[in-house]
Amino acid sequence: MNFNYSEEQSLISDSLSKLLSDNCGQEARKSLLSDDKDHDPAIWAALSDMGLLGLPIPEAYDGIGGSAVDTMVAAVEFGRHLAFEPFLASVVLGGSAIQLAGTAEQKQALLPGIADGSKKLAVALLEPEGRFDVGHVATRAIKEGTSYRLSGQKSAVIGAPSADLLIVSARTKGGTPTESDGLSLFLVRPDTDGVTLKTYRLADGRAGADIVLENVEVTSSDLLGSENQALDTIEHIADLGTSAFCAEALGALEKIIGLTTEYLKVRTQFGRPIGEFQALQHQLAEMMIDFEHARSLIYEAAMTADSTDAHVRKKAISAAKVFLGERGRAICQNAIQMHGGIGMTEDYELGDYVKRTLVTELAFGDVDHHLARYAGQL
Amino acid sequence: MDINYTPEDEIFRADVQEFLAAELPKDLSDKVKAGQKLDGEDFMRWQRILGKKGWLAPRWPQEHGGCGWTAMQVNIYDEEAYVAGAPRVLPFGVNMVGPVIIEFGNEAQKVQHLPGIVRGEVAWCQGFSEPGSGSDLASLKTSAVRDGDHYVVNGQKIWTSYAHFSDWMFCLVRTDPKAPKKQQGISFLLVDMKTPGITVRPIITFDGMHSVNEVFLENVRVPAENLVGEENKGWDYAKFLLGNERTGIAGVGGCKAEFQKLLEIARTEKKNGKPLIEDPLFAAKIARLEIDLRALELTNMRMLSGSGSGLNGAFPSVLKVKGTEVQQRIAELQMDAVGTHALPWQQAAMDPAWNGDTVGPDYAIPRMPAYIDRRKATIYGGTTEIQKTIISKALLG
Ligand SMILES: Cc1cc2nc3c(=O)[nH]c(=O)nc-3n(C[C@H](O)[C@H](O)[C@H](O)COP(=O)(O)OP(=O)(O)OC[C@H]3O[C@@H](n4cnc5c(N)ncnc54)[C@H](O)[C@@H]3O)c2cc1C
């Protein structure tokens, strides 16, 4: 076994860390928010120059052909620096959807654009009635000759506002929303008649949207891959996204523990640094114990995220997500607590990291969702 | 021992319900129920209504305009007020400085300040904490130097809740920097917020809200008659006050109302096509929380009714720790209950003046900000760590 970054992975980590720490501090994020921009095009271009937008995309399509572990290495940095760039939305979710479901022509048409950053994708799997279950699909796609008409709603679609293309799950067959048979994926241009985006910021500042589809017409060439059998693929796409979300959290949590450790050294009360109080030392130790165990599970999640063995993959991904949801949340809460009043303020960066972690904790399934899914694999 | 409400209590509850139905303005309760931002006037409007009825100060003696209610009645009122969606009564006047003035103030101070507090007409804030003095409050540095019949006050206060709409601030100042123990050189001053030299600057918390402030005091001249009790004895009054503060902070009435909201959300949200509350995992979390809440409620009643505990002076700390944890847990489960709807950050929609588009059900909008906001409860009024020290000291000596 080997749990260390390879030389290439260290290179990815270092160069990304350098780019992001130079360009996306709190001020930069604030100005993106006040200008109502969802990311910085200059950073996006730099990521493209570094080849990082092609990280998980096969070399045949102008990518690097990296593994989910390579993606994890990058996602850790996006989390550590709270970057807004839609890497997760477009490259991880969008890229894997095309790779896992697309036909050869579709891959040829779309993957190079994702890899060079000229095309941004967003993947719409969750629905308001389905909570966190990507297998709950009430959105319908009704076939009419060579076209389909899509109607339904999608929620919490990260990266949707700036996406050139949406990937939408819809039911081409079957009755109830949770029937596993009859699911398909479609490519939908957001400017198509009948597509409405209700855009917003996610709690961590990144852009997202809820989407309403009303009789949206697409052609059969917009069917992504084959018809009716998409459930396994949908779950796999979500798992790849979840693994990357967990990796972001790892970066954010590491920063949270770092900020807290620093604060315990410099904040004095009762004439000494508060880090000299055993009550706080033990809380800090607790945070680190949780963090290291979270790291192990998140590594495992990344190492299995590419696997088509759904049983192994689901267990590993859900284990990481449950642990993150419970212990990652506790790390955030303890960090605020140990900062006292300062930890509650908007100007201090801790809150931004806490919000980022919260989004990663909830997106694609909370603790109960993944606990139940894990239990289902026992 | 008897756990039941008496028939008199039930009559009292009916009276309270009747009063709330008649007097609580609907626009206010709508705002509270929707989790929207309340401004200073919202809080004060309700306090004036309560003051008019004579119901603002349940725990004060009747001679000063208090209600003379029993512990059970206080609890009943609290529950009903929260369920009806009444704004919470800000504690600074009625639960904090009022009792200090009643206990330690002179006749003139009682005449000047108590009526304004009990009628809900004057807003107060608490200037205790300083940038360098939080948990170690006794290290505070803001100085008050006697100059003729005034004190000249210089320094900075921080985390001053609602200073931005307060008329008066009660604060701790250092009057004897040379005292042998730092607790001994502190005095308790009442400061008119309109006095020249006072600047209030907002602090925005990361839920996006403004309730706390920095208060800068630069050569602020405070009449010497605004000293409460004796010079350099302020620490004793502060300890008395903090005991009261911590008791109120358990917030049982608020917990019960928020818990009801949690149940409503869990009955409305769906999981696998069924109400979320029927999901065994979520139901178990709610059940655990309700057990904690019941324990809190009963312990609060035991304290209010003067029943003994092995802790004497530290009993309020027992309630403060548990009460704030329960508050946090409720807010946390409310957020978890709304599922994906917690992800959009729609904080702006909590301003009643906002008229943009929202996504998800209305009850989902304040959930993540409220989860964040509640983290403060284990920090203010003395952190959980400090409360635990107080409790263990009471045991270990
Ligand atoms: C929203 C909000 C509203 C507030 N409103 C008011 C107000 O209206 N008026 C007012 O005067 N103050 C107010 N406060 C201030 C509050 O009382 C202080 O924040 C609190 O006392 C903690 O002080 P601190 O923030 O300086 O944290 P610190 O004292 O710096 O504490 C940091 C951490 O160290 C821990 N710690 C410190 N000493 C010890 C020890 N000896 N042993 C173990 N752990 C220790 C603390 O528990 C905490 O976890 C408010 C605070 C907040 C957050």
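This is a predicted model: local features need pLDDT of at least 70, side-chain atom pairs count only at pLDDT 80 or more; totals for chains, interfaces and linings use all residues.
Some ground rules first. Local features need pLDDT of at least 70 and side-chain atom pairs count only at pLDDT 80 or more, while totals for chains, interfaces and linings use all residues. Residues are numbered from 1 along each chain as its sequence is written, chains are lettered from A and ligands numbered from 1 in the order in which they are written, and side-chain values use heavy atoms, with hydrogens and water left out.

**The ligand site**

Let's start with the ligand, which sits between chains A and B. Its shell has 27 residues, and the closest are Arg267(A), Gln126(B), Ser135(B), Trp159(B) and Thr383(B); a residue is near a molecule if one of its heavy atoms lies within 4 Å of it. Helix 9 (310-339) of chain A and helix 12 (384-396) of chain B each supply at least two residues of that shell. Helices here are DSSP runs of H or I with at least four residues, strands are runs of E with at least two, and both are numbered from the N terminus.

Here are some polar contacts to the ligand, meaning pairs of N or O atoms within 3.5 Å; within protein, one must be able to donate a hydrogen and the other to accept it, and residues adjacent in sequence count only if both atoms are side-chain atoms.

| Residue | Atom on the residue | Ligand atom | Distance |
|---|---|---|---|
| Gly341(A) | backbone N or O | oxygen | 2.8 Å |
| Ser161(B) | polar side-chain atom | nitrogen | 2.8 Å |
| Thr383(B) | side-chain N or O | oxygen | 2.6 Å |

Taken alone, the ligand exposes 970 Å², and the protein buries 94% of that. Such areas come from the Shrake-Rupley method with a 1.4 Å probe; for residues, only the protein chains shown count as cover.

**Helix 6 of chain A**

Helix 6 runs over residues 104-116, so 13 residues, and spans 19 Å from first C-alpha to last, close to the 18 Å expected at 1.5 Å a residue (1.5 Å times one less than the number of residues). Where does helix 6 of chain A have its kink? The kink, about 30°, lies at Leu110(A), shortly before Pro112(A); the bend is the angle between axes fitted to the seven residues ending there and the seven starting there.

Leu110(A) and Pro112(A) are both buried, as are others in this helix, including Gln106(A) and Ile114(A). Buried means under 20% relative accessible area, exposed over 50% and partly exposed in between, with a 1.4 Å probe and protein chains only. The buried residues of helix 6 pack against helix 5 (87-101) and strands 1, 4, 5 and 8 of chain A; contact means heavy atoms within 4.5 Å. Just after the helix, Gly117(A) takes a positive phi of about 85°.

Gln333(A) belongs to helix 9 of chain A. Why does Gln333(A) count as buried? Because its relative accessibility is 15%. Its side chain makes a 2.9 Å polar contact with the side chain of Tyr371(B). Not counting residues up to four places away in sequence, Gln333(A) touches Glu332(B), Tyr371(B) and Arg375(B).

His236(A), in helix 7 (residues 231-266) of chain A, is buried with a relative accessible area of 7%. A polar atom of the His236(A) side chain lies 2.6 Å from the backbone oxygen of Ala305(A). Beyond four places in sequence, His236(A) touches residues including Leu100(A), Asp306(A) and Arg313(A).

Ile12(A) sits in helix 1 (residues 7-23) of chain A and counts as buried at 15% relative accessibility. With residues up to four places away left out, Ile12(A) touches Leu52(A), Leu55(A), Val73(A) and Ala74(A).
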